[in-house]
Amino acid sequence: MAKTEQTDADVWSTAPLGESSWLEFSTCLGIQGSIAGIDEVGRGALFGPVVAASVILPEQAWSHLIAANIKDSKKLSSSRRTQLAQQIDGLALDWKIGYASVAEIDQLNILQATLLAMKRAVLKLKVKPALCLVDGNQLVKDLFIPQQTIVKGDERSLNIAAASIMAKVWRDDLVVRLASKYPMYNLEQNKGYGSQKHLLALQKYGTSPLHRLSFRPCQIQS
């Protein structure tokens, strides 16, 4: 498992970035070849899979996405995320989704399931990246591609920000489709997270087959 020098990580984690500055413009990278951004969504949810996306943006896409005011998916409205996801889909050199199921989350724990989802997203890429930028502080296990963790990477890397958007839109769409099968949990609104209505529904109705039984709120019996 390869990783870039720790000195680079230190620079990336601490270097001040202006409002329109992104790591892809930094001389710290110095990478020959494609860069993939990796991010996940749904780690804290009570329902459904944890989902990761890997995105490789060509250099000519950067200015388009900056002009579109790309940012961390959590800071965007649902409609704006969908618009940007469509734009990323048209601009990306390659992008893929990977996920870990509820059963895998309960068996492995959420951290290991998240890393598994990230690995699957990268391995699905048809274009092999020269470097993977991973949001957070955990390297993806057994991924034999150079990788570097970036804390708050979705605010610092265009590729990671794009991955955060693609993962969020994909997972939200999945949960909304499943909401009609489990209407009592208010999934269309909470996307599987532990809102008050969701928690009250768990107390009243118990869990569904897609709830994470290893999560404490899902261990409440009706």
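A residue counts as buried when its relative accessible area is under 20%. In this predicted model, D94 has a relative accessible area of 8% and is therefore buried. D94 belongs to strand β3, which covers residues 94–100. Beyond its neighbours within four places in sequence, D94 is in contact with S54, V55 and I56, and also with L125, K126 and V127. The chain also brings D94 towards L57: these two residues are 37 residues apart in sequence, and their C-alpha atoms are 7.3 Å apart in space.

The largest nonpolar core holds 31 residues, and the members that touch the most other members are V50, M118, V122, C132 and L187. At least two residues of this core come from each of β1 (35–41), β2 (50–56), α5 (110–123), β4 (131–135), α6 (158–179) and α8 (196–205). Helix α5 gives the most, with seven residues. Apart from this core lies another one, of 25 residues, including L57, A68, L76 and I97.

C132 deserves a separate look. Its relative accessible area is 0%, so C132 is buried. Not counting residues up to four places away in sequence, C132 touches A36, I38, V122, L143, I145, P146, Q147 and Q148. Another cysteine, C218, has a relative accessible area of 3% and is likewise buried. A disulfide is a covalent bond between the sulfur atoms of two cysteines. A disulfide is counted here where two cysteine sulfur atoms lie within 2.5 Å, and by this rule the count is zero.

T149 is part of strand β5, residues 147–150. With a relative accessibility of 12%, T149 falls under the 20% limit and therefore counts as buried. When its neighbours within four places in sequence are left aside, T149 is in contact with V134, G136, N137, Q138 and L139.

The last feature is a pair of helices. Two packed helices are described by the angle between their axes and the distance between the axes. For helix α2 (residues 59–67) and helix α3 (residues 78–91), the axes come within 10 Å and cross at roughly 165°. Because angles over 145 degrees count as roughly antiparallel, α2 is roughly antiparallel to α3. The crossing of α2 with α3 is right-handed. On the α2 side the contact is made by A61, H64 and L65, and on the α3 side by Q87, I88 and L91.

Methods: Residues numbered from 1 in each chain as written. Predicted model: local features only at pLDDT ≥ 70, side-chain atom pairs only at ≥ 80, totals over all residues. Heavy atoms only, no water. Core = buried A, V, L, I, M, F, W, Y, C linked by side-chain atoms within 4.5 Å. Buried < 20%, exposed > 50% of the residue type's maximum accessible area, 1.4 Å probe, protein only. Helix = DSSP H or I, 4+ residues; strand = E, 2+ residues; numbered from the N terminus. Contact = heavy atoms within 4.5 Å. Axes fitted to C-alpha atoms, helices over the stretch in contact; angles between N-to-C directions. Parallel < 35°, antiparallel > 145°, perpendicular 65-115°, else oblique. Left-handed = near helix turned anticlockwise from the far one by under 90°.
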